[in-house]
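Please look at the sequence and the structure before reading on.

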Amino acid sequence: MLTGLNHLTLAVTNIDQSIVFYQQLPGMKLHARWEQGAYFSCGDLWLCLSQDAAVTDKRDYTHYAFSLSAEDFPNVVKQLETFGAVVWKQNRSEGASHYFLDPDGHRLELHVGNLAQRLAACRAKPYAGMVFFD
């Protein structure tokens, strides 16, 4: 039986540049680095960066969201703006979100809220064709 997300590995083109970027995100803790990679944690998330020359430009909605409190949200967004993180999408869903790119174009999100809150908002205003199972 699967019990949850074990880790997230992001392929990056420049490990040094990516380590600097991720170290600037509040709550990210660098645990180890090597010539071709690095291990971080963010709460319970284990994040691996792996240098890979085959990184491609993605145009789909695949992205990785990090949790933070509503109180911290404005300050972290301001910090991202200060170091020039590019915004890739505007938020249109329940809960505060800020969508930004890392140096290799990985689509990241800061999100305030959890699944229970999202489901409650969807029950109040469901998406087209939405069905609930609990």
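A residue is called buried under 20% relative accessible area, exposed over 50%, and partly exposed in between, with a 1.4 Å probe and protein chains only. Gly84 is partly exposed, because its relative accessible area is 48%. Trp34, with 34% relative accessibility, also counts as partly exposed.

The model is predicted, so local features need pLDDT of at least 70 and side-chain atom pairs pLDDT 80 or more, while totals for chains, interfaces and linings use all residues. Residues are numbered from 1 along each chain as its sequence is written, and side-chain values use heavy atoms, without hydrogens and water.

Gly84 lies in the loop between α2 and β6. Its C-alpha atom is 22 Å from that of Glu71, and the two residues are 13 apart along the chain.

Helices (H or I, at least four residues) and strands (E, at least two) are DSSP runs, numbered from the N terminus. Two strands pair if DSSP finds at least two bridges between them. An open sheet of four strands has the order β1-β4-β3-β2, with mixed pairing. β1 and β2 are at the edges with a single partner strand each, so one side of each has no neighbour in the sheet.

| Strand | Residues |
|---|---|
| β3 | 37-42 |
| β4 | 45-51 |

β3 and β4 pair in the antiparallel sense over six bridges, and Gly37 is opposite Ser50 in β4. Trp34 belongs to strand β2.
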